[in-house]
Amino acid sequence: MILITGNGALAQELIKYSSLPQVGMPIMSLSKREMDITNEEQVSNTIKKYMMMPDFPKYIIHTAALTKPMSVNDKNPIMSIDTNIVGTANIAKICYKYDIKFIYISTDFVYDSRTNDVINEQGGLKPINNYGWSKLGGECVSHILPNSLTLRCSLCDIPFRHKAAFDNVYRTPITHKDAAKLILKVKDQTGIINIGGDIQTVYDFVIKHQSINPTTYKGNSSQVTSIKLDTTKLTQLNEKTIK
């Protein structure tokens with residue numbers, strides 16, 4: 001069994017792929033009502049119950065986080081800490097206790113985006129906002145575990161959440177649907193893997209999926225920034241080991 005924390009867009013897409021041959025096991029998601037990740041006792045009791053089942057969980061994909069809008073992490077830093085750092089620690093500890101593979105869904109916002117270079121997994125880390133810092137805090141938890149995988153994803157909502165998309169901000173965006181399939185393919189890897197698509201402007205990506213107007217970002221680069229992921233490692237894994 002694969003357990004997923006949270007029931008957001010990525011969790012829902014992961015569940016749809018439970019029939020893939022390379023998965024070979026059921027996938028279930030746990031909503032906040034079923035398991036509040038900030039409550040260590042509830043996390044322990046919930047996972048303990050699943051461990052008593054014949055098809056006990058072999059993986060936990062940790063998608064639950066305080067994410068949208070990202071500014072909520074600035075407005076409520078305590079909630080950000082409790083959810084994205086302490087909550088991640090609660091899940092990581094229970095994974096270690098029962099020898100469950102811990103898969104942490106991180107973000108490209110952990111990288112230092114002051115450079116215009118394409119960034120691989122060894123790139124410098126310096127988030128531009130509290131959301132990025134909180135997810136980097138969760139990464140620290142993940143890296144301590146011997147049997148863990150950190151996935152730095154450049155997820156982009158489709159349908160797009162805004163009325164216009166920037167035509168001068170470059171990313172390596174990927175839909176939740178496409179990311180979910182890749183996540184399940186690399187689930188047996190360890191370490192860090194960048195998950196993203198082609199380098200392009202946000203507008204160029206969104207217009208492929210829906211009608212939207214372009215707009216040019218003229219603000220502070222500490223608020224909106226281009227982040228270009230090097231996904232060579234992901235491509236090589238696809239070609240060599242996880243076809």
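# A tour from the Asp99 loop

Select Asp99, which sits in the loop that runs from helix H4 (77–98) to strand S4 (101–107). The model on screen is a predicted one. Asp99 has a positive phi, near 55°, although the residue is not glycine. Is its side of the chain buried or exposed? Asp99 counts as exposed, with a relative accessibility of 62%.

**The whole chain**

Zoom out and colour by secondary structure. The protein has 8 helices and 12 strands. Its C-alpha trace extends over about 55 × 40 × 35 Å along the principal axes. How does the radius of gyration fit a compact globule? For 243 residues such a globule would have a value near 18 Å, and the protein has 18 Å, so the two agree.

Of the 243 residues, 51% are buried. Taking contacts between residues at least 6 apart in sequence, 76% join residues at least 24 apart. Colouring by charge brings up 28 positive and 22 negative charges, whose mean positions lie 2 Å apart.

**Two cis prolines**

Next select Lys68 and Pro69. The peptide bond from Lys68 to Pro69 is cis, with omega near -15°. Pro69 belongs to the loop between strand S3 (59–62) and helix H3 (72–75).

Move on to Ile158 and Pro159, which are also joined by a cis peptide bond, here with omega about 5°. Pro159 is in the loop that links strand S6 (148–153) to strand S7 (164–166).

**Cysteines**

Show the cysteine side chains. How many disulfides does the structure hold? A search of the whole structure gives 0. Start with Cys140: the closest cysteine sulfur, in Cys95, is 17 Å from its own, so the distance is too far for a bond. Cys140 is partly exposed, at 46% relative accessible area.

For Cys156, the closest cysteine sulfur is that of Cys153, 13 Å away, which is again too far for a bond. Cys156 is buried, with a relative accessible area of 10%, whereas Cys140 is partly exposed.

**Leu14 and its surroundings**

Select Leu14, a residue of helix H1 (residues 9–16). Leu14 is buried: its relative accessible area is 0%. Which residues touch Leu14, apart from neighbours within four places in sequence? They are Ile4, Ile27, Ile61, Thr63, Ala180, Ile183 and Leu184. Draw a distance from Leu14 to Leu184: these two are 170 residues apart along the chain, and their C-alpha atoms are separated by 7.6 Å.

**Asp230, towards the end of the tour**

Last, select Asp230, in the loop between strand S12 (228–229) and helix H8 (232–240). Leaving out neighbours within four places in sequence, the contacts of Asp230 are Val118, Ile119, Asn120, Glu121 and Asn194.

A distance drawn from Asp230 to Ile100 gives a C-alpha separation of 29 Å, for two residues 130 apart along the chain. For the Leu14 and Leu184 pair, 170 residues apart, the separation is 7.6 Å.

Key:
Residues numbered from 1 in each chain as written. Predicted model: local features only at pLDDT ≥ 70, side-chain atom pairs only at ≥ 80, totals over all residues. Heavy atoms only, no water. Disulfide = S-S within 2.5 Å. Buried < 20%, exposed > 50% of the residue type's maximum accessible area, 1.4 Å probe, protein only. Helix = DSSP H or I, 4+ residues; strand = E, 2+ residues; numbered from the N terminus. Rg over C-alpha atoms; globule rule 2.2 N^0.38 Å. Contact = heavy atoms within 4.5 Å. Lys, Arg positive; Asp, Glu negative; His and termini not counted. Charge placed at Lys NZ, Arg CZ, Asp CG, Glu CD.
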